[in-house]
Amino acid sequence: MKPIHNLPSSMHTPVQGKIILDLQNAIRLRALELYEQRGRKNGYHLDDWLQAEAELTQRRTKMVAA
């Protein structure tokens with residue numbers, strides 16, 4: 001997995017950058033889990049990413065709202 005270096009300029013602090021990178025890494029790992037659960041069938045990488053992103057951002061939203 002390649003690290004992401006082209007982060008938006010709107011991220012002003014190292015803490016904000018770390019949070020974004022942590023979320024992206026968590027999404028990447030969950031997307032990989034979904035890929036493996038499907039038997040490593042190619043062609044669904046965007047679906048996997050979007051599902052992982054939805055799961056993790058929904059979970060974080062619930063935690064913040066609580």
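Asp48 is buried, with a relative accessible area of 5%, where buried means under 20% relative accessible area, exposed over 50% and partly exposed in between (1.4 Å probe, protein chains only). This is a predicted model, in which local features need pLDDT of at least 70 and side-chain atom pairs count only at pLDDT 80 or more, while totals for chains, interfaces and linings use all residues. Residues are numbered from 1 along each chain as its sequence is written, and side-chain values use heavy atoms, with hydrogens and water left out.

**Salt bridges between elements**

- Five salt bridges are counted, each being a side-chain nitrogen of Lys or Arg within 4 Å of a carboxyl oxygen of Asp or Glu.
- Arg38, which is partly exposed at 23% relative accessible area, pairs with Asp48, and their closest N and O atoms are 2.1 Å apart.
- Because Arg38 lies in the loop between helix 1 and helix 2 and Asp48 in helix 2, this pair ties together parts that are ten residues apart in sequence; helices (H or I, at least four residues) are DSSP runs numbered from the N terminus.
- Arg30, buried at 19% relative accessible area, forms a salt bridge with Glu55, with 2.6 Å between the closest N and O atoms.
- Arg30 lies in helix 1 and Glu55 in helix 2, so the pair ties together parts that are 25 residues apart in sequence.

**The loop residue Arg40**

- Arg40 lies in the loop between helix 1 (14–37) and helix 2 (45–65), and has a positive phi of about 60° although it is not a glycine.
- Arg40 counts as exposed at 51% relative accessibility, whereas its salt-bridge partner Glu36, with closest N and O atoms 3.3 Å apart, is partly exposed at 39%.

Definitions and conventions. Helices (H or I, at least four residues) and strands (E, at least two) are DSSP runs, numbered from the N terminus.
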